[in-house]
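Dear colleague,

I am handing over the structure below for your own work. Please look through it with the notes that follow it.

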Amino acid sequence: MVGISSKVESIPFSSIRRMSELASELEKEGRHIIHLELGRPDFDTPSHIKEAAIKALMEGKVHYTSNYGITELRHAIADKIRTTLGVEYDPASEIIVTAGGAEAIYLAFASLLEPGDKVMVLTPCWPNYLHVPKLMNAGVIEVELRQEDDYQITKRRLEEFYDPAVKLIVINSPCNPTGGILETESLEALKEFALEHSLYVISDEVYEAFTYDTGKHLSILRFTEIKDRVILVNSFSKTYSMTGWRVGYVAAEAMVARAMVKVHQNLIACSTSFAQAGALAALTGPQECVQEMKKEYERRMNLVVQGLNEIPVVRCNRPKGAFYVFPSVDAFGMESSEVSEFLLREAGVVTVPGSGFGKGGEGHIRISYAASYSDLEIALEKIAIAFQKLR
Ligand SMILES: Cc1ncc(COP(=O)(O)O)c(C=O)c1O
């Protein structure tokens with residue numbers, strides 16, 4: 001008998017993966033499927049970034065780097081945080097280059113959680129926040145953000161869910177899957193709540209570059225008094241279309257960073273050497289590529305929001321950031337997993353059931369518009385025709 005750990009057994013595979021698997025079965029039968037389930041930009045990585053990585057490879061930068069990451073990149077990250085957020089981090093001891101935001105979040109949980117501790121998570125959320133604490137024998141308290149509140153939070157609501165075992169709270173703005181953005185009042189409520197109860201805050205800002213209309217990315221770090229309790233997580237994956245490079249970073253007070261680097265050392269030792277050189281070029285090179293991607297996402301978002309709202313009974317909020325819409329499909333009287341599976345079979349379009357994103361996700365599906373404009377046009381037509389059959 002294989003003796004798989006019960007902690008691992010308690011974690012489900014992500015619903016994104018399940019939908020991709022169902023889709024690939026249909027593809028094997030020869031069906032053309034449009035993939036709108038992935039949180040993966042469809043753009044190529046800008047060429048100056050690729051060239052920097054190739055140059056590093058050709059120069060023999062193929063060895064382990066410092067566990068914290070290459071010095072130049074850590075300095076560039078510290079400069080970037082100073083100029084965009086106005087906060088100082090010591091590149092020698094407070095910044096770690098990681099294998100994407102995913103590793104950064106793992107390091108934070110692994111370094112801070114004791115068995116029996118609890119993590120407060122604002123949901124609907126990226127599923128990793130719900131799963132990884134379980135590996136540390138920690139509990140999760142889900143605090144649902146509601147569409148009717150524009151996905152904002154008050155201190156009063158946070159207090160309703162507080163329990164003395166809570167050690168940290170996770171926030172993600174702009175948010176996957178809702179596209180919501182935490183405004184100043186919400187961030188202030190979170191800051192006060194965290195300081196009052198001596199909590200750590202993991203602030204996952206991987207979608208910071210993509211905000212629309214008047215939405216502006218705001219970090220909890222604007223309240224400098226909370227800096228020592230914040231673990232800032234960011235990544236090159238989404239901003240520069242570098243998901244396969246696996247480079248992200250974490251910024252935290254030196255003692256917390258020291259603990260995280262210990263876990264990082266035991267996990268991967270360092271982020272890939274030449275990928276770090278590419279990330280350095282991404283941060284220090286021209287930023288027009290990011291603006292172009294953002295403009296294109298906004299064009300696609302307009303198409304998708306309008307197309308979905310033209311379908312009777314589907315209601316789609318205009319997201320303020322990231323590259324997902326999270327329309328409400330509860331009027332069909334089916335579970336979100338049934339709706340996603342129906343759309344896959346009927347329309348040949350892969351979406352993700354909202355139930356996979358924690359409390360408040362049921363009744364919705366997630367559609368990623370990190371796909372080509374023409375695929376989105378075809379998908380919307382097919383979704384509209386398929387939904388007609390349900391009414
Ligand atoms: C909210 C959020 N955080 C972190 C990540 C991790 O991204 P990566 O590990 O590629 O940096 C993702 C990926 O989808 C995400 O949606």
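This is a predicted model: local features need pLDDT of at least 70, side-chain atom pairs count only at pLDDT 80 or more; totals for chains, interfaces and linings use all residues.

Residues are numbered from 1 along each chain as its sequence is written, and side-chain values use heavy atoms, with hydrogens and water left out.

Helix α5 (residues 100-112) packs with helix α6 (residues 128-135) at an angle of about 40°, their axes lying 10 Å apart. Helices here are DSSP runs of H or I with at least four residues, and strands are runs of E with at least two, numbered from the N terminus; axes are lines fitted to C-alpha atoms, for helices over the stretch in contact, and angles run from 0 to 180 degrees between N-to-C directions. The two helices α5 and α6 are therefore oblique to each other, given that angles under 35 degrees count as roughly parallel, over 145 as roughly antiparallel, 65 to 115 as roughly perpendicular and the rest as oblique.

On the α5 side, A102, I105, Y106 and F109 meet N128, Y129, V132, P133 and L135 of α6, where contact means heavy atoms within 4.5 Å. Just after α6, N137 takes a positive phi of about 55°.

The structure holds 23 salt bridges, each being a side-chain nitrogen of Lys or Arg within 4 Å of a carboxyl oxygen of Asp or Glu. One of them joins the side chains of K167 and D117 at 4.0 Å, N to O, and this pair links distant parts of the chain, with K167 in strand β5 and D117 in the loop between α5 and β3, 50 residues apart. D117 is buried, with a relative accessible area of 14%, whereas K167 is partly exposed at 25%.

Another salt bridge brings together the side chains of D163 and K118 at 2.6 Å, N to O, with D163 in the loop between α7 (155-161) and β5 and K118 in strand β3, 45 residues apart. Finally, D42, E296, R299 and R300 are linked in a network of salt bridges.

Conventions:
Buried means under 20% relative accessible area, exposed over 50%, partly exposed in between (1.4 Å probe, protein chains only).
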